[in-house]
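Me: Hi! Could you walk me through this one while I have it open?

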Amino acid sequence: MYAQPYLQKYKGKDTRHDCPSCKAKLSFTQYLDGNTNKPIHYTVGKCNRESKCGYHYTPKQYFIDNPFLSPPLAGGRVGSSSSNSTNPLKPHTPSPLERAGVRSGGLVGSIPFRFVQKSASYRSNFVRFLCEILTDEQIHSIGENYALGATKNKEVIFWQIDINGKVRTGKIMQYNPETGRRLKHQSGAINWIHNKLKKSGTLPEDYNLQQCFFGEHLLIIYPDKPVAIVESEKSAIIASCIMPDLVWLAAGNLNGLSIEKCQVLKRRDVMLYPDLGAFMKWNQMVIKIQKQFNCKISISNLLEDQANSTDRENGLDIADYIISEIKSDNTVFEIQSSFNPILQ
């Protein structure tokens, strides 16, 4: 049962903190999660210097500002009932989606943004798998940046939000929570939000889907970061945790790297990371994209150089490579180092 947050009672100077606004020492009282008795966030609380400062950031406002965090998860491990996490949540006011121009409570693009909000959850089998290989802080960062959703069947929803903050569609996929591999159902491995909304009458039957890159809205938030493009949403998400200095986008599939989509890459530095078996096809696109748009684009041969015959048969992607490195207990720095010759 969910318990309301509360202001921490005074039990000595250890229960008072420096105010994040006026910086006064030991003048700040934090709100604690009612279930875990842990701080919701180091900025959520009240300054005791009411006349001189008046800072008061309530839990309600915090969750409004960060719609992809839900109160029951604050202070605990994402996707589990554990409350022993000590990792603080990353400061993010305003949230990435807000900075991209996406606002709650209205129609954004062709699909109402309320469906993105309603679906916001870490309770998918995909995120359950991620919890085994990533930290709490990384999981929270993923949820905020990529607006991950979940269905009641624990399928993940990868929302496609374009550079203007408009919601194009959402890709619905089921994953094995232990292996992180996609699972197929009777109608295939993928379903789409726009198809569901058409069936319910929310969208018109003649709704014309124009897909965009997964993660495209991040381009407007980080205008100076180099861009990395992979095939799958899974690869973009996992790689973004290891190399956060890049904006990671997903084309969605082998043929998803189209000229139409690449219009948003103008004047950007771009690196392509194709799956095994896709190098030649994507390499042909490099010349077309560079000629069409004023961008600096190159292609990584990392997987091609390191793959063996089994890797090629299985169609290894960059996520598989990173997961293997993580499970081998390599540090983030060691994994990043393997990419350095490519990123320089």
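Me: Which residues does threonine 169 touch, not counting those up to four places away in sequence?
Reply: Threonine 169 touches Ile111, Phe158, Trp159, Gln160, Trp192, Ile193, His194 and Leu209, where contact means heavy atoms within 4.5 Å. This is a predicted model, where local features need pLDDT of at least 70, side-chain atom pairs count only at pLDDT 80 or more, and totals for chains, interfaces and linings use all residues. Residues are numbered from 1 along each chain as its sequence is written, and side-chain values use heavy atoms, with hydrogens and water left out.

Me: Is threonine 169 buried or exposed?
Reply: Threonine 169 counts as buried because its relative accessibility is 0%; buried means under 20% relative accessible area, exposed over 50%, partly exposed in between (1.4 Å probe, protein chains only).

Me: And which element holds threonine 169?
Reply: That residue sits in strand 9; strands (E, at least two residues) and helices (H or I, at least four) are DSSP runs, numbered from the N terminus.

Me: Switching topic, what is the order of the open sheet of four strands?
Reply: The order is 1-2-3-4, with antiparallel pairing; two strands pair if DSSP finds at least two bridges between them.

Me: Which strands are at the edges?
Reply: Strand 1 (6-7) and strand 4 (56-57) are the edge strands, each pairing on one side only.

Me: How many bridges join strand 1 to strand 2?
Reply: Two bridges join them, and strand 2 covers residues 28-32. Leucine 7 stands opposite tyrosine 31 in strand 2.
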